[in-house]
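Please look at the sequence and the model below, and then follow the paragraphs from one pair of residues to the next.

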Amino acid sequence: FEHFFNFSLDMKCIASTNGFFQIINPAFTDILGWSLEELQERPYLDFVHPDDRKATRRALKTLVIGEKILGFKNRYMHKNGSWRVLSWRASPQPGGLVYASARDVTEQQEFEDALLQSKESLSVLLQSIGDGVIATDNDGNVTLMNRVAEELTGWSLAEARGLPIRTVLRIINGQSGVAATVPVARVLRTGSVQGLATHTVLISRDGKERHIADTTSPIRANADRVLGAVMVFQDITGERNALRT
């Protein structure tokens, strides 16, 4: 047990609910830079980021009433002044003690934060584009729509998500009135960029007709794997009417 405790790559400790570490393994020093003595002589909340102390106190109250903590995250101060994100698992024990282990997940958290920021930036970008944008999965079912696409089709993303794109994007040949084929299936099959015919008309849910032009492109994971398709289309009704006059 002593070897398991001391040579574990994860931080392991026995702490008291009154605020101090009783026993800690060397991984604490490896990850946080403080000596074992420095960590044990101060309340452990001293090392917790000020913004995380309230949540940490709530977690301690959970342990006091006899419930386990799984996956609780807070930031601990490194001796060099930086902050490390720790993910805790803790189990209450008799006598006001807590057996706990923590894993340093700083890099993983930074990646998740960057990914979230990237998604938020992409969402802002999509909503600011003046063209309609609809993305599908590899089965041709809708996964994403921007505001313009919602306005042109009459479908909200919440209603359209998971539906075949041909259900959401009803198009006909504007000259013959015959139903036209949405090019997504062809893009998924060939992996090449496709476009609509010249006289394509979109019929929205309320029956309004608009002439549109589009480009549909594959979404690729790599050169050999297509994950879905993205269709960018514009309302060109005004341009076509101008050409007639």
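A residue is called buried when its relative accessible area is under 20%, exposed when that area is over 50%, and partly exposed in between, with a 1.4 Å probe and protein chains only. The model is a predicted one, in which local features need pLDDT of at least 70 and side-chain atom pairs count only at pLDDT 80 or more, while totals for chains, interfaces and linings use all residues. Residues are numbered from 1 along each chain as its sequence is written, and side-chain values use heavy atoms, with hydrogens and water left out.

Side chains of opposite charge can pair when their charged atoms come close. A salt bridge is counted here when a side-chain nitrogen of Lys or Arg lies within 4 Å of a carboxyl oxygen of Asp or Glu, and by this rule the count comes to nine. One of them joins Asp-104 to Arg-84, with 2.8 Å from N to O. This pair links distant parts of the chain, since Asp-104 belongs to strand β5 (residues 97-104) and Arg-84 to strand β4 (residues 83-93), 20 residues apart. Strands are DSSP runs of E with at least two residues, helices are runs of H or I with at least four, and both are numbered from the N terminus. Arg-84 counts as buried because its relative accessible area is 17%, whereas Asp-104, at 24%, is partly exposed.

A second salt bridge is formed by Arg-147 and Glu-151, at 3.2 Å from N to O. These two residues are four apart in helix α6 (residues 147-153), and therefore about one helical turn separates them. Arg-147 is partly exposed at 37% relative accessible area, and Glu-151 is partly exposed at 48%.

Arg-42 is partly exposed, at 28% relative accessibility, and Asp-46 is partly exposed, at 31%.

What, finally, is the place of Lys-61, and is this residue buried or exposed? Lys-61 is found in helix α4 (residues 53-64), and it counts as exposed because its relative accessibility is 60%.
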